[in-house]
Amino acid sequence: MREIFSIPPEAIRPDIGAVLRAQGVPPDAPLSARTERMAVEAIRMMDDEGRPVALFEEVTRADFAAAYAGEGMNEPETPLDRIEPVAEDRALFALTLGQAVCDRIAALFDGGDPALGAMLDAAASEAADRAVTAVEARFRERLDRERGEDPARHVLAYSPGYCGWHVSAQRRLFTRLRPEEIGIRLRESFLMDPLKSVSGALLSGPARIHRFEARYPFCRGCRDRTCRDRIAALGDD
Ligand code: SF4
C-alpha cells in the first residue's frame, strides 16, 4: 500500500492564534495592529505558496525495524520500543509544504523583512504539524477501507530526531520510502530539502498502545512535551 496525495492548503491553514503562539506570544497578550496584519499576511502567503504533498507506504515489521534502527544511535529505551511491537499496522511517511514557501521565507529574511519572515516560518511550521495530522487521518481512512472500520483505531506519527529516535535514522527511512518521488531530498546533515518537510512512521492500534509516561532520561531536556497533548487527544479506549 503506497499512496501519494496532495493536501489542500486550506485543510492545514493555521489560525492566527496558533501562528502567534508559535512565535511565543501568550494567548491573552495585547496585539498591535501591525502584528495582527503580519500574521494574516503570513497565513495568506502559506495559502498562496504552499504546495503540500504527502506519501505513505505500509511496511513489514522487518522493514520498520531496519528504518527505526537507522545507524544504531537510538536511545537505549524509547516510546517506540514499546509501541511498535503492539501496533496493528505500520507505515513510513513523508510530507512537504514545497520549495516555494521555503524560498519565500529565505527571501523575506534576506530582503530586509525578518519579522514577516519569522511570522511565515511560524505559519509554515504550524501548517506542517497540521499536515502530519492529515496524513495520520488518511492512513486511518485507508485502513478502515481495507481492514474494516474500527472506531478504536488510532494512528499517530513518530519522527526521527524526537523522543529517542535518532535523526540519523533518516538515511534508512529515505532508502526504504524514496520520498524523492514527491520532491524531498535528504542532506548529509539529515535535514530535509525543502526544509518544511516531515518524515517518520505511522503506527495504528487502540489508544492504549500510544500512551506512555514521559519518564525517559531524554525527557528532562524536552521543553514542548508535545506527547502529553497527543496522548490527551486520544481520549478513552
Ligand atoms: S516529554 Fe518530550 S522527549 Fe519525552 S516523550 Fe514527550 S515529547 Fe518526547
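Which residues are linked in a network of salt bridges? The network joins Glu3, Glu58, Asp89, Arg138, Arg142, Glu146 and Arg147, a salt bridge being a side-chain nitrogen of Lys or Arg within 4 Å of a carboxyl oxygen of Asp or Glu. The model is predicted, and local features need pLDDT of at least 70, side-chain atom pairs count only at pLDDT 80 or more, and totals for chains, interfaces and linings use all residues. Residues are numbered from 1 along each chain as its sequence is written, and side-chain values use heavy atoms, with hydrogens and water left out.

By the salt-bridge rule, the count comes to 24. Among them, Arg2 and Glu57 meet through their side chains at 2.5 Å, N to O. Arg2 belongs to strand β1 (residues 2-6) and Glu57 to strand β2 (residues 53-58), so the pair ties together parts that are 55 residues apart in sequence. Strands (E, at least two residues) and helices (H or I, at least four) are DSSP runs, numbered from the N terminus. Arg2 also forms a salt bridge with Glu181, with the closest N and O atoms 2.7 Å apart. Glu181 lies in the loop between α7 and β5 (185-186), 179 residues from Arg2.

In helix α3 (residues 61-69), the buried residues are Phe64, Ala67 and Tyr68, where buried means under 20% relative accessible area, exposed over 50% and partly exposed in between (1.4 Å probe, protein chains only). Seen down the axis of α3, these buried residues fall within an arc of 100°, so they line one face of the helix; the arc is that of the directions from the helix axis to the C-beta atoms. Just after α3, Gly70 takes a positive phi of about 50°.
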